[in-house]
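Welcome, and thanks for taking a look at this one with us. Please have the sequence and the 3D view open side by side as you read.

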Amino acid sequence: MSIRFTLNGRPVQATPADAQMPLLYLLREEPLALNGPRFGCGLGQCGACTVLIDGTAMRSCQIAAETVAGRAVVTLEGLGTQAAPHPIQAAFAAEGAGQCGYCTNGMMMQTADFLARNRRPTEEQIREELARNLCRCGAHPRIIRAVQRAATAMNG
Amino acid sequence: MNAMLSRRAALLAGAGLFVAFDARAQTNLINPPVVGVDGLLAIGTDGTCEVLTSKTEFGQGIDVALSQIVAEELDLPLSAVRMPHADTARSPDHGVTAGSLTLQIIGPRMRQAAATARLALVRMGAQRLNVAVDAVETHNGQVRLRAEPARAIGYGALIGGRRFELPLDAQAPIKPHAQWRVAGRDAPRPDLLAKMTGGGDYLHNLRLPNMLHARVIHPPGIGQKPVAVDAASIGSIANTRVVRRGDLVAVVAEREWLAVQAQRSLKVVWDEGGRIPAMADVYQAARDAPVVRADTLVNRGDAAAAIAASPHKRAATYTYAVQSHATIGPSCALAQFEDGLLTVHSGSQAPFDLRGQIATMLGLAVEKVRVIYHPSSGCFGRNGLEDAASECAVLAMELAPRPVRLQWMRHDEMANEPKGPPTIMMLAGGVSNEGRMLGWQGEGWVPHSTVVLVQTTASALVGAADGGQPGSGNWHANANPPYDIPAAKAVMHRVANTPFRPSWIRTPGRLQNCFAVESFTDELAAAAGQDPVAFRLAHMADPRARAVIEGAAQAANWDGRPSPRRDQSGDIRLGRGIAYIRYDNVRTYAAAVMAVAVNTRNGQIRVTDCWAAQDCGQVINPDGIRLQVEGQVIQTISRTLLEEIQWEGNRITSLDWSTYKLLEFPEVPAIQTTIIDRPDQPMWGAGEMVTSVISAAVGNAVFDATGARLRHAPFTPERMLAALASV
């Protein structure tokens, strides 16, 4: 059964394979074929699959695709593009806040939600906010700096 | 040389300026290439340059560093140099990307190749401008008149539509360090913004037209074989089916989620499988395993007699747990067999080795297999990427000509990727009343392999050899004390096997061995009532070694005194510790001071600060080094405090991030990196060295804080409390 929802600002229609199919799989397969949200654990433990649903950062591996019908989903691609990056993406690139880049989607999507709630976070608040997002490469110090840089940029 | 160039010509048809170098004799300490041509640099008619190598960029920043070297020597802007991803149909074989050897081995050759090209361009430019060679210079991709810089010709225009093939000129002059403008400075990674916006080349994002999705049903326990597969058990899941070859059982589906569902639903009956030692017995089992050979790393004087005659004697046993590479993105591969050619897409650090293993396993000629590298989730050694690739290759043969994508699930990765092995080292030492180490004895047990290929899961499951062995070697390094000790003996027993396919995991052996050696050095310092930094310096003449030890200590504002501290009370105890290594005893120097806070009530250890110092010779990209150091510090604190593979019977039970925990943001310490640049020295690697010293430095800091010595990593709260109870 197909569902309609808003994806990165545009109306889309897609068909989950079954009622349990997580949103992550729908977003990554054709025809949506997005690269931002990534499969890391399928258990809601690592954060690599994070997307915004109605503005709230959620683990797309834990959300049944069916349940986003009528809602607004934003992925990394919806934040900005290489030509016109979102301040968070620009900040992560400027700080070199990633090695392999696998976890970075989750870091940025969590940050997008976070900075909407907390415009001037302390370092400790950033650490707490990202505590459930795992990074194996050890880019943490640069990710923290990137969030601070993004906050500064977004406060203009 | 001519044959070599003509082979290149076939691969890279067209105009341009090509430089080849034959690095066979000394290319790769780990994995000598099997082909003769080992390098190529190509300047196209657009004036840009490609660096061709099988070395792979997976986030560690070698594409930037190699590009900086080439751009510097060619007087090109950094943006005009590219390093295409490895492709066995196109790239020269420089062997596996491992051992932090890329810059050390490939860097100088790339530099000389670029110098060769630059010299040729200068000659061509002088001829074109009708002046003597010394009347021109290179600048920003052009050859120009020194006296009249406006008269200039771009490299592309000089090359025109012609083709130039140059052998490496070992005499081509190298630019003096003082003239560097691109190398030796921070350079950002060019791929990052694409990655940050969902683009760029990335293995997991690759989609082939009309591809199938697969999941392999891995045996739940070590060595288990399928007795019965009930294909009807997935009959209700649309468009799915079972594919089986030998003991490799997989499900394939038109849509990925349905493959996941089928993997969960397929009923397989397994036999009992093999037996492996219990967790508590695994170190003794390593000691009891058949010894293939024993390496004596140092043997001078009569160590046993020297220890016996020492006024202060110590003996201790150190062990290091089985660990996972713990990649965040589980292994993945895509493959297609079409028109007699098998194409495999992988994030393997060793694309040529992987090609050979797959070809051998499948009985295909090696030229009928092509492995294309794509950046992937950080693997930090030989993890499951090659296994997924080989499994996917088997499936592609069964499903030809359709392409197939195999994605391992989290539990596939944790259970089936090869692991860092259990290691054990027994040490004895003696020290004088004045604080001189008089005797040292060390004996360790580590895995051994006679080949540098780990056998893939697919090879074992389909029952076809692939040239690999279920294990890895090169775990013995740095098991010797690095200090001036009159009588010292260190022997490493290389045993035939340890469980879980022992595999290279960042800093193989050096981390585990340095943990034992540098912790025990601290034990001897404490036995003699000596300050740990002063004690090390008193036994160390090498000025570069002294410089990193002193560099870390100064950055940390080290308070010289013996450990442990005796001035604390209350639940939280603070301490600082140091450790040092010279990697493989012959290259990069590293030292780190760690500060810890130990909660003596619950056994929690928190690392609050790290001051790392490193001398990797001539520095190419300082920020790349800092990123690598930070990553090593954080990853190794995680391994030191948290990480241990768990198993019951023959089944691994730590299958997710709640049972195999990684360090999280709130526990990440402040990190300060001191880089000691040696512009006139050879360049060495920076990707693994600091890792070596972290566990020992943390353990030494814990001892300083509490007087309790931790000799088994990871330092779990239970082990911390047990150690406190025995103080």
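This is a predicted model: local features need pLDDT of at least 70, side-chain atom pairs count only at pLDDT 80 or more; totals for chains, interfaces and linings use all residues.

- Six strands of chain B form an open sheet in the order 14-22-21-20-15-29, and the pairing is mixed.
- Strand 14 (291-300) and strand 29 of chain B lie at the edges with a single partner strand each, so one side of each has no neighbour in the sheet.

**Around strand 15**
- Strand 15 (residues 312-320) of chain B runs antiparallel to strand 20 (residues 423-431) of chain B, and 9 bridges join the two.
- Within this pair, Tyr320(B) is found opposite Thr423(B) of strand 20.
- Strand 15 of chain B also runs parallel to strand 29 (residues 712-713) of chain B, joined by 2 bridges.
- Here Thr319(B) sits opposite His712(B) of strand 29.

- Strand 14 of chain B pairs with strand 22 (residues 487-495) of chain B through 8 bridges, in the antiparallel sense.
- Lys489(B) in strand 22 is the bridge partner of Asn299(B).

**The nonpolar cores**
- The largest nonpolar core holds 93 residues, and Phe5(A), Leu27(A), Val73(A), Phe92(A) and Trp657(B) have the most contacts inside it.
- A second, separate core has 91 residues, among them Phe515(B), Val596(B), Ile634(B) and Met689(B).
- Beyond its neighbours within four places in sequence, Leu27(A) is in contact with residues including Phe5(A), Leu34(A), Pro37(A), Val51(A) and Val73(A).

Conventions
Residues are numbered from 1 along each chain as its sequence is written. Chains are lettered from A and ligands numbered from 1 in the order in which they are written. Side-chain values use heavy atoms; hydrogens and water are left out. Two strands pair if DSSP finds at least two bridges between them. Helices (H or I, at least four residues) and strands (E, at least two) are DSSP runs, numbered from the N terminus. A nonpolar core is a set of buried Ala, Val, Leu, Ile, Met, Phe, Trp, Tyr and Cys residues joined through side-chain atoms within 4.5 Å. Buried means under 20% relative accessible area, exposed over 50%, partly exposed in between (1.4 Å probe, protein chains only). Contact means heavy atoms within 4.5 Å.
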